Amino acid sequence: MSDLTAQVLETKNGFHVDGYEKISYDFTFLDGVFNPSNPQLANCYERWGRVLAVTDLNIWNMYGEQMEEYFKHHGLELKVHKTKIGEKAKTIPTFLSIVDSMTEFGIYRKEPVLVVGGGLVTDVAGFACAAYRRNTNFIRVPTTVIGLIDASVSIKVAVNYGNYKNRLGAYHAPMHTFLDFTFLRTLPKAQIRNGFAELIKISTCSHLDTFNLLDKYCEQLIDTGFGRTDGAPTEVRDAADKINREGIYEMLRLETPNLHEIGLDRVIAYGHTWSPMHELVPETPLRHGHAISIDMAYSATLANMRGLISDAEHKRILNLFSRAGLSMDHHQFDEEILDKGTAAILKTRDGKLRAAVPNPIGQCTFLNDCTAEEMNAALRKHKEIMKSYPRNGEGLEAFVDASDTGYTENNKTEVEALEEAAEKAGDLNDTMDGVAQVNGGVVKNGIPNGVKTHNTNGIKNGISNGLTNGINGFTNGVKA
């Protein structure tokens, strides 16, 4: 939520306005958010006597009955907007379908929408709330590792548009975020691994104690859903709780002074200098966690060459990525891709590279003076090092599948053609965080010369109007 304080002063030729916006929102760790014995979420809706929930269809299929019983127990009427949101469906039609549900529900100005799902769901629904009457409240219940650890911290909300990720959006804080890590019990291991990369990101450059815990419990954390699966050792769960709390706190500590990203030297941008290109280049795009892991691993090699981290620290970082099954290299990562990624990020970061690198583990330095020769030499060294790792440094389950693109119901594809289309979902990875890809500094229609692209807006030619009509009667979001 936010409140605005302002004053108006008369000047010789008119008026001068000073406005200051106070942003205030809360986080609550609560395993079993939909357990009837936990009234915290229901209390947020007691005034209204009802709830409009926006949730991913997969989440509804798994937890819908529990959600219904929870709100029934607390005497609250529940209306649900179920949507299929992947990168291919993170679009204006999806956004508008949520807006239509808000209108049909008759949402009041200060009444909060409940948003339950991963980072994609909270992005689109959050943007709908930001746009609806210019400022409608919402409450987040993230359900994935990336949603819990990374997306929950930010107040950024957005949809993709054209060939660009997150091109249309806003800065809109939720009233409250409930962090329930029991959702990880049902999250596929590939997605847990995908989110694990975000914890490596923040710990490598800002929190040594968390890095040490990730290093100690790596495989067990991934195998047990951060200690939430049945039979998980208490020691692992305790470590996971400490990692999650400290990781989120560190992200908040770093980001809250810069919620609107006015400052461009951002510690949490470690791994986000060249990763947009890594997500774009493969015909089947890399998952975000794997793309940033390649960037982080290469950046660690660059830092090692500069003497910012020792050989032992360098090896320790690389070994952690390898043990987690995260990518450290890709066979299409070459000097040309490195050059294109550098040219693109310079535009986003106002002409400076601002590459965050560890110096040493647990601390961060920003590099602005890297020459092409130095970066290419680091890449050659990195490639040589990767030969000693399994799969030459390539990760496990590194590429997006239909579960990442919004066309899967609990890992079962509805239409074979859609799965084939999802494998070619590279079009929406042309840009990460609004960064256009360039070829020698020239962009044509947001697409670099020589880079293969595909149609956007929900596989435009294959599926009617970006899934506006959708599958089996879905309008990119089912109202129930």
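Close-up 1. Val-267 counts as buried, at a relative accessibility of 18%, where buried means under 20% relative accessible area, exposed over 50% and partly exposed in between (1.4 Å probe, protein chains only). The structure is a predicted model, in which local features need pLDDT of at least 70 and side-chain atom pairs count only at pLDDT 80 or more, while totals for chains, interfaces and linings use all residues. Residues are numbered from 1 along each chain as its sequence is written, and side-chain values use heavy atoms, with hydrogens and water left out. Val-267 is placed in the loop between α8 (234–255) and α9 (275–280), with helices (H or I, at least four residues) and strands (E, at least two) taken as DSSP runs numbered from the N terminus. Apart from neighbours within four places in sequence, the contacts of Val-267 are Cys-205, Ser-206, Leu-254, Ala-356, Cys-364 and Phe-366, contact being heavy atoms within 4.5 Å. Thr-365 is 98 residues from Val-267 in sequence, yet their C-alpha atoms are 8.3 Å apart in space.

**Close-up 2. The ring pair of Phe-34 and Phe-71**. Rings of Phe, Tyr and Trp (its six-membered ring) pair if their centres lie within 6.5 Å, and planes under 30 degrees apart count as stacked, over 60 as edge-to-face and the rest as tilted; by this rule the count comes to 12 aromatic pairs. The rings of Phe-34 and Phe-71 are edge-to-face because their planes stand at 65 degrees, with centres 6.3 Å apart. This pair links distant parts of the chain, 37 residues apart, with Phe-34 in the loop between β3 (26–29) and α1 (40–43) and Phe-71 in helix α2 (residues 57–73). Both Phe-34 and Phe-71 are buried.

**Close-up 3. The ring pair of Tyr-298 and Phe-333**. The ring centres of Tyr-298 and Phe-333 lie 5.6 Å apart and their planes meet at 85 degrees, so this pair is also edge-to-face. Tyr-298 belongs to helix α10 (residues 288–305), whereas Phe-333 is in the loop between α11 (311–323) and α12 (335–348), so that the pair links distant parts of the chain, 35 residues apart. Tyr-298 is buried, with a relative accessible area of 0%, and Phe-333 counts as buried at 2%.

**Close-up 4. Arg-50 over the face of Phe-105**. Arg-50 lies 4.0 Å from the ring centre of Phe-105, where a charge sits over a ring if NZ of Lys or CZ of Arg is within 6 Å of the ring centre and within 35 degrees of the ring normal.
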